[in-house]
Amino acid sequence: MGILGLSKLIADIAPFAIKESEIKNYFGRKIAVDASMCLYQFLIAVRAEGAQLTSVDGETTSHLMGMFYRTIRMLDNGIKPVYVFDGKPPDLKSGELAKRAEKREEAQKQLEKAIEAGDEAEVDKFNRRLVRVTKNHVAEAKELIRLMGVPFVEAPCEAEAQCAALVKAGKVYGTATEDMDALTFGSNVMLRHLTASEARKLPVKEFSYEKVLKGFELNKDEFIDLCILMGCDYCETIRGVGPKRAVEMINTYRNIETILDNLDTKKYVVPENWNFETARKLFIAPEVTDPSEIELKWVDPDEEGLVKFLCGDRQFSEDRVRSGVRKIIKSKSSSTQGRLDSFFKVLPSSNTPKRKADEDKKSANAKKAKTTIKKEFKGKGKPK
Amino acid sequence: MFEARLINATTLKKVLDAIKDLLTEATFDCSDSGIQLQAMDNSHVSLVSLTLRSDGFDKFRCDRNLSMGMNLASMSKILKCSNNNDTVTMKAQDNADSVTFMFESQNQEKVSDYEMKLMNLDQEHLGIPETEYSCVVKMPSMEFARICRDLAQFGESVVICCTKEGVKFSASGDVGSANIKLAQTNSVDKEEEAVTIEMQEPVALTFACRYLNQFTKATPLSGQVQLSMSADVPLVVEYRIEDLGHIRYYLAPKIEDDES
């Protein structure tokens, strides 16, 4: 899933590209949420006594529970979410998907073993590994989102790519996903843990694409090559090249072609017919719907529709659904708080770590002085 | 070497009380013209801009420009250790990683030193353009604090509406609604009690009560407060600190949603 070890690498090389903050600081922001990943998370995490929540006839409802309450949590915090669903997987992903299917089979076998042995912890563990997001789950989630008055987009292909396109077009502020691909696709702002459970009290992690590039000293294409070297969903990697080596190589040779030309083939094995070029193309120009054709509208929730959909067979408590709807309506009625950064421009980084060389300090202070200090002290005598 | 001596430690205490609820940490930028502080709160909705001029200090020396990042809660703890009539002196070496607060009692019989570690803060500075505001209201600071406190009970936001006749503060919520109108005062005995309005164009803006109430923590610093407003730009709430400088709060307005 995503890019192998990228988040750790960013934390090591460009820590300033990651910012942690509370969910409430994202009020007023429109955010594209990777829906498929969300559903998967909910299916795994939303459980009662280890089992998924189900309707009267045993159909899973964990994903709906998660979707309903986490969406309300976002709306309640003034965030305007847009859900983006995966389309068909790109052909290149077939390798990765086959691998995942294999793992699933393995897990299935182990699950059977565990059941035989009666080891409950193991049963639970493998049960979770077998979780799949089915077409039915997706259809139900879409229906729920529609009833809640929240817009969703169906991507032609990968959801992360569509999210990134929306961000680039300025339609939304950022992408919320756990998948680091979003950065490779060029989403300027990427948020992790936005849809995490409130109880876990995880801060939202904001990755800034620009700052990542700056920290790595790479341009967009070089960054994509780095991600491919580290391991993405679309092609294999050179065996023996980990994150650290990948960074070194990109810094020296700037692209994969040159790296291959200079590679010590005795030490590293390049996969046969390595199709990194197609993977690269997929990152540079992914199949997405043109953002200008997408209209995002947040409308009033359909209260009766939601009650009908969630209560009854799906066994949601009517009181809780109705109080949830009230929260949605309330969040829509209040006007949005503005932000100061949208009125005043941030000055070019004038922060001077105080123990740095003095020259730095002087130039920084000169910058600051331009804004306010000068005006304040004009004509005032110095006290010495 | 940086050294700044203030006869009245209480002033510094009041300044800190005025900012410590809004900010957890901040950088004090010292130069030979004085001490400056600019910082936004976590949510980037409001901004504090503090200026203490060097000529307002009893003694002020700053050989090299110095940025001192301080934890405001810790600084507040230290200032609480001072007595009301104490003199305070802030001291730091040029490349120091700590700052010293020295309190001296009036009769010089008691001298206490507190050293605090500094921190490296990564803060964004905003360029604030000089603006001609459509409305500038001056009013007693106590009155403003009272209005903000009272209205906060009715709703999350306050609408400030300023016309020739006067200024109106209103809020509404589940309980009901509240309106407070202040007219321009014709004649007053004390300048501090006057309400004056300079208006080019009438404005009506909506602001979050929560922030206004945090700004009013500066009330003890000044008898008067000045509100400057223009359509669709942040409100400026200014408290002058007599003979020393000022503290300004900027607050982004609430915006009506176009999509809903």
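Here are some friendly notes on this predicted model, point by point.

1. **Before you start.** In this predicted model, local features need pLDDT of at least 70 and side-chain atom pairs count only at pLDDT 80 or more, while totals for chains, interfaces and linings use all residues. Residues are numbered from 1 along each chain as its sequence is written, chains are lettered from A and ligands numbered from 1 in the order in which they are written, and side-chain values use heavy atoms, with hydrogens and water left out.

2. **Salt bridges overall.** Over all chains, the structure holds 32 salt bridges. A salt bridge here is a side-chain nitrogen of Lys or Arg within 4 Å of a carboxyl oxygen of Asp or Glu.

3. **A pair to find in chain A.** Glu22(A) and Lys24(A) join their side chains in a salt bridge, 3.1 Å from N to O. Are these residues buried or exposed, or in between? Glu22(A) is partly exposed because its relative accessible area is 43%, and Lys24(A) is partly exposed at 42%. The words work like this: buried means under 20% relative accessible area, exposed means over 50%, and partly exposed is in between (1.4 Å probe, protein chains only).

4. Next, look at Arg192(A) and Glu178(A), whose closest N and O atoms are 3.9 Å apart in a salt bridge. This pair links distant parts of the chain, 14 residues apart: Arg192(A) sits in strand E8 (residues 189-192) of chain A, and Glu178(A) in the loop between strand E7 (174-176) and helix H8 (181-184) of chain A. Helices (H or I, at least four residues) and strands (E, at least two) are DSSP runs, numbered from the N terminus. Arg192(A) counts as buried because its relative accessible area is 17%, and Glu178(A) counts as buried at 19%.

5. Lys297(A) is partly exposed at 48% relative accessibility, whereas Glu295(A) is exposed at 64%. Elsewhere, salt bridges connect Lys93(A), Glu96(A), Arg100(A), Glu158(A) and Asp233(A) in a network.

6. Tyr234(A) lies in the loop between H10 and helix H11 (243-253) of chain A and Phe283(A) in helix H13 (residues 276-284) of chain A, so the pair ties together parts that are 49 residues apart in sequence. Tyr234(A) is buried at 2% relative accessibility, and Phe283(A) is buried at 2%. Ring pairs bring Phe185(A) together with Tyr234(A) and Phe283(A) in a cluster.

7. **Backbone angles to check.** His193(A) has a phi near 65°, a positive value in a residue other than glycine. His193(A) sits in the loop between E8 and strand E9 (204-208) of chain A and is partly exposed at 22% relative accessibility. In chain B, Gln108(B) also has a positive phi, near 65°, and is located in the loop between strand E8 (98-104) and strand E9 (111-117) of chain B.

8. **One residue on a strand.** Lys117(B) is in strand E9 of chain B and counts as exposed because its relative accessibility is 71%.

How values were computed
Phe/Tyr/Trp six-rings, centres within 6.5 Å; stacked < 30°, edge-to-face > 60°.
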